[in-house]
Amino acid sequence: MPFQSLVARLPYPSFAVQRAVAIAAVIAQAGIGVTGSVVRVTGSGLGCPTWPQCVEGSIVPVAHPEFDALTQWIEFSNRMLTGVVILVAALCVITAWRVQIEHPSRRRLVKLAWTMPAGVMLQAVVGGITVLAKLEWWTVALHFLASTPLVWLAVLLLRAFKEGDEPARWLIPEAGRKTLIVLAAAMWAVLVAGTVVTGAGPHGGDPGTHRLQAPIETLTQIHGGLLVVYLIVLAVFGLQLMRGETPKQLWQRYAIVWIVAVLQGVVGSVQYGLGVPEALVSFHVLGSALVIISTAALWCSSRDCGPVPSANAPERELATSN
């Protein structure tokens, strides 16, 4: 293919470059959710009331009697950040593709890389639906939830750049694997419940948007209860790790999950106690991204796919065969 030949002409990316591109993907996928929360708490969600244009007849904000200039620019800036996410996603594909050209067996790496631009396109569509639906709470919830698997996949991509493509060898007992799956499921249950609490809360993105008519106290208790379930499952997983020879790195990842999850719970409790101030909302969204990242890192550290092939392995094999 012509494009593949162009990619093949690029220098082989060093491990440092591969790592930097993957870390950029993690930051971009997590960051777009945080900036989206800033749009929401500032009431700027309909600063650009149409999509893909900002206002009727213009892709960029223009003076308009019905829309404040600041809210227009906040919403428009968040949309422009999508361009950065797209660029990072493209770099992920190109980098992984260049690696696969050198090592044809690394198909899993390329598949993971392609989830980045595919996810961005899905997010763009969901974002457009959210605007056209005038920020109905459930569309805002879907817009956020659509980004959560992309954060997870970005962490898996980072790991894939640093490991081989051998069949995964689990470093934990069979029971630990099942518990880890339950832990991931509990994490997403906490996230879903959090979006429902947000749907009934005061920050809808626009003063006139429809809110979920449900008792926020009850929803908050459910959200907090699910976090407790997550922590209990995490504790059970730790007890299972103690039954075998657990690598030091896995214990480190496990400790990080505890720290992040507990701090997230503290931020959520303080946020609720103070009446949901705007700044803490964005910190709580950042915390949710960190919970996803740390849990995904724990998942990755629980398995081993062998060493990453060296950049000049094909040349060495060719020289040996001659």
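**A cavity between two domains**

Because domain 1 (1-165) and domain 2 (167-307) both give residues to the lining of the largest cavity, this cavity lies between them; the domain bounds come from an automatic or database assignment. The model is predicted, with local features needing pLDDT of at least 70 and side-chain atom pairs pLDDT 80 or more, while totals for chains, interfaces and linings use all residues. Residues are numbered from 1 along each chain as its sequence is written, and side-chain values use heavy atoms, without hydrogens and water.

A cavity is a set of points, on a 1 Å grid over the protein atoms alone, where a 1.4 Å probe fits but cannot get out, whereas a pocket is an open set with protein on both sides within 12 Å along at least five of seven lines, and lining residues have an atom within 4 Å of a point. Volumes are the space filled by probe spheres set on the points, which are joined across faces, edges and corners.

The largest cavity holds about 60 Å³ of space, and its lining includes Gln-29, Phe-144 and Ile-292. Two or more lining residues come from each of α2 (15-41), α6 (148-161) and α10 (278-301), helices being DSSP runs (H or I, at least four residues) numbered from the N terminus.

The second largest pocket has a volume of about 330 Å³, and of its 15 lining residues, Val-155, Leu-158, Arg-253, Ile-293 and Ala-297 are the closest to its centre. Helix α10 gives the largest share of this pocket's lining, six residues, and at least three residues are drawn from each of domain 1 (1-165) and domain 2 (167-307).
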